[in-house]
Protein chains: 2
Amino acid sequence: MNTQFKKGVLELCVLVMAGQKDYYGYELVNMISDNIQISEGTIYPLLRRLTQEGYFSTYLKESNEGPPRKYYRLTEQGKAYRDELVSEWVSFSNGVNRIMESFFKGEDRS
Amino acid sequence: MNTQFKKGVLELCVLVMAGQKDYYGYELVNMISDNIQISEGTIYPLLRRLTQEGYFSTYLKESNEGPPRKYYRLTEQGKAYRDELVSEWVSFSNGVNRIMESFFKGEDRS
DNA sequence: AAAAGGTATCGTGTATTGCAAGGTACTGTG
DNA sequence: CACAGTACCTTGCAATACACGATACCTTTT
């Protein structure tokens, strides 16, 4: 899997997912890796950065299956940033699709 | 515009576009920037790298509107790489869409 | 209680790549 | 000649995914 495709998009995914309800890190890792090939070492630094930037608040909660889990809650600032990112993503992916479509017309890529 | 979204995707766009017919650099810059905000400083180094990696062959052609144009032709190796990238992009963007869709259900993002 | 295995988090260093900024040079017009 | 438009190129910086490793807790087994 091309690692470059993931740049910025994983941030978008995390923000969108955490906008629905609070998740803990390991849970996000597993949910994302069901759809995209990623490793833990990618998500944890990302969550830390987004928290430092004020987009997440965190709290700990005990678990009966292991150590306490750190939950991530999207702040108001985080919601605004998420909406901005989503909007940019829609605009960008539309641009890419326009390019791809017009150049695949009548092309069989044999 | 989030610069991170573009990582890897511009390479994909250039390869797909040049797969149809030969283009010169300035032409590619203008065509892409009609759909996505980019600058020359992004595309020229990209074309040079892809040429060094054997995905493009180049030739010069005189122009009556300015200096000679350097045309880029996709090699067989380039076509194989392009097809691989396209396949990975389809797989990746489907994964992202699955995540986005499932988390925007019933979400009004007020 | 010691060992093993799964759960959960965090930090460091590296490689890739988009971009701003700047430079070179050719052609045709005023 | 000056200027605008065309066309190409290079350097240095910033962002960030990932590999790798470390820490630590819990439950079950021996």
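# Exercises on a predicted two-chain model

From the N terminus on, chain A runs α-β-α-α-β-β-α, where helices (H or I, at least four residues) and strands (E, at least two) are DSSP runs numbered from the N terminus. This is a predicted model, in which local features need pLDDT of at least 70, side-chain atom pairs count only at pLDDT 80 or more, and totals for chains, interfaces and linings use all residues. Residues are numbered from 1 along each chain as its sequence is written, chains are lettered from A and ligands numbered from 1 in the order in which they are written, and side-chain values use heavy atoms, with hydrogens and water left out.

## Exercise 1

Count the helices and strands of chain A, and set its radius of gyration beside that of a compact globule.

Step 1. Chain A holds four helices and three strands.

Step 2. The radius of gyration, taken over C-alpha atoms, is compared with a globule rule of 2.2 Å times the number of residues to the power 0.38. For 110 residues a compact globule would come near 13 Å, whereas chain A has 17 Å.

Step 3. Along the principal axes, the C-alpha atoms of chain A fill a box of roughly 60 × 30 × 20 Å.

## Exercise 2

Decide whether helix α1 of chain A is enclosed or open.

Step 1. Buried means under 20% relative accessible area, exposed over 50%, and partly exposed in between (1.4 Å probe, protein chains only). In chain A, 45% of the 110 residues count as buried.

Step 2. In helix α1 (residues 9-18) of chain A, ten of the ten residues are buried, so the helix is largely enclosed by the rest of the structure. Among them are Glu11(A), Cys13(A) and Met17(A).

## Exercise 3

Step 1. Thr75(A) is 21 residues from Gly54(A) along the chain, and their C-alpha atoms are separated by 7.2 Å.

## Exercise 4

Find how chain B is related to chain A.

Step 1. Copies are superposed by least squares on the C-alpha atoms of residues with pLDDT of at least 70 in both.

Step 2. In chain B, the C-alpha nearest the axis belongs to Lys7(B), 3.1 Å from it.
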